[in-house]
Amino acid sequence: MKPAMETAAEENPEQSQEKKGCFECCIKCLGGVPYASLVATILCFSGVALFCGCGHVALTGTVSILENHFSKTVSDHALLTEVVQLMQYIIYGIASFFFLYGIILLAEGFYTTSAVKELHSEFKTTACGRCISGMFVFLTYVLGVAWLGVFGFSAVPVFLFYNMWSTCQVLNSPMANMTSSIESICVDVRQYGIIPWNAAPGKACGAVLGEICNTSEFYLSYHLYIVACAGAGATVIALLIYMMATTYNYAVLKFKSREDCCTKF
């Protein structure tokens with residue numbers, strides 16, 4: 001019979017070997033996580049959620065402001081109402097599409113990262129797999145360019161509301177209160193092409209403009225447009241990260257698929 005000390009000495013190396021193997025397995029699994037794609041996915045989901053949610057509410061508030069203060073006739077803003085409703089439906093589609101696309105890109109990131117780092121077995125890839133990776137690279141580039149346009153477009157209402165807010169600040173300034181020309185300070189939304197030139201009243205001046213500036217709808221819509229623009233910018237950054245990650249993974253996959261990759265690096 002072996003002494004107790006010898007038995008314990010034999011068991012300790014086995015336990016340490018098991019712990020070492022578990023630690024190496026965890027490090028290996030962590031090495032297969034596509035951190036760039038993971039960060040891009042979180043940023044993309046956050047940006048799209050901000051853009052779609054805030055943009056939807058801000059559009060509704062904008063229509064309400066126009067109907068109550070700038071266009072009393074329904075026929076004058078009927079086209080604008082239809083356009084806003086169409087944009088809100090498009091927002092629903094964008095949110096659904098990017099939710100699915102972000103998950104697919106994250107899954108593709110796990111696949112390509114595991115293949116590139118050869119975590120589970122020898123390096124194996126097929127022409128179909130490389131073709132799919134190349135398709136994601138192309139599609140991500142196209143979406144990145146498209147979202148640059150969306151980001152620029154989302155800055156337009158911010159600019160319009162900023163002009164109106166600046167006019168309100170001038171209206172509330174001490175210099176404006178000391179003069180009798182308050183009614184000459186106006187905001188005419190017809191010049192932006194939002195409503196036709198024959199819309200009545202089409203503009204707000206003096207005290208009426210001050211009332212509009214003090215409404216909760218105005219401040220809420222203004223700040224929501226800012227947040228929506230920031231969300232569009234975050235989505236552009238996320239797509240840029242996706243571009244770099246997918247392009248790098250595709251290039252490495254294509255390079256390592258060649259039989260003479262070690263001699264023609």
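Predicted model: local features only at pLDDT ≥ 70, side-chain atom pairs only at ≥ 80, totals over all residues.
## A first look at the chain and its cysteines

C205 is buried, with a relative accessible area of 15%.

The chain holds seven helices and two strands. Reading from the N terminus, the elements go α-α-α-α-α-β-β-α-α. Of the 265 residues in the chain, 37% are buried. The chain exposes about 15,600 Å², and carbon and sulfur atoms supply 70% of that area. Now for the contacts: among those with a separation of 6 or more, 79% are between residues 24 or more positions apart.

Back to the cysteines. How many disulfides are there? The count comes to two. Here they are side by side:

| Pair | S to S distance | About the S-S bond | Handedness |
|---|---|---|---|
| C168 and C213 | 1.4 Å | -45 degrees | left-handed |
| C186 and C205 | 1.9 Å | about 110 degrees | right-handed |

Take the second row. A disulfide joins C186 to C205, with 1.9 Å from S to S. C186 sits in strand β1 (residues 186-188) and C205 in strand β2 (residues 203-205), so this link ties together parts that are 19 residues apart in sequence. Are the two cysteines buried or exposed? C186 is partly exposed, at a relative accessible area of 29%, while C205 is buried at 15%.

Now the first row. The sulfur atoms of C168 and C213 are 1.4 Å apart, and the two form a disulfide. Because C168 lies in helix α4 (residues 127-171) and C213 in helix α6, the pair ties together parts that are 45 residues apart in sequence. C168 counts as buried at 1% relative accessibility, and C213 counts as buried too, at 2%.

If you number the bonded cysteines of the chain in sequence order, the pairing reads 1-4, 2-3. Not every cysteine is paired up: C54 is in no disulfide, and the nearest cysteine sulfur, that of C52, is 9.8 Å away. C54 counts as buried, at 13% relative accessibility. C131, on the other hand, counts as exposed, at 53%.

Which residues of helix α6 (residues 206-213) are buried? They are G206, L209, G210, I212 and C213. These residues cover an arc of only 160 degrees around the axis, which puts them on the same side of α6. A207 is also in helix α6, but A207 is partly exposed, with a relative accessible area of 48%. A207 and L171 are 36 residues apart along the chain, and their C-alpha atoms are separated by 8.8 Å.

T167 brings several of these parts together. T167 is found in helix α4, and at 18% relative accessibility T167 counts as buried. What does T167 touch, leaving out residues up to four places away in sequence? The list is I185, C186, V187 and L209. Two of those names have come up already: C186 lies in strand β1, and L209 is among the buried residues of helix α6.

The structure holds one salt bridge. In that salt bridge R190 pairs with D188, and the closest N and O atoms are 3.0 Å apart. Are R190 and D188 buried or exposed? Both are buried.

Last stop: the surface. Which residues form a nonpolar patch there? F99, L100, I103 and I104 do, and together they have about 380 Å² of accessible area. I104 lies in helix α3 (residues 78-117). I104 is partly exposed, with a relative accessible area of 42%. A residue needs over 30% relative accessible area to join a patch, so at 42% I104 clears that mark.

Conventions. Residues numbered from 1 in each chain as written. Heavy atoms only, no water. Patch = residues over 30% accessible without salt bridge, like charges linked within 9 Å, V, L, I, M, F, W, Y side chains within 5 Å. Areas by Shrake-Rupley, 256 points an atom, 1.4 Å probe, with all protein chains shown as cover. Salt bridge = Lys/Arg side-chain N within 4 Å of Asp/Glu carboxyl O. Helix = DSSP H or I, 4+ residues; strand = E, 2+ residues; numbered from the N terminus. Buried < 20%, exposed > 50% of the residue type's maximum accessible area, 1.4 Å probe, protein only. Arc of directions from axis to C-beta. Disulfide = S-S within 2.5 Å. Contact = heavy atoms within 4.5 Å.
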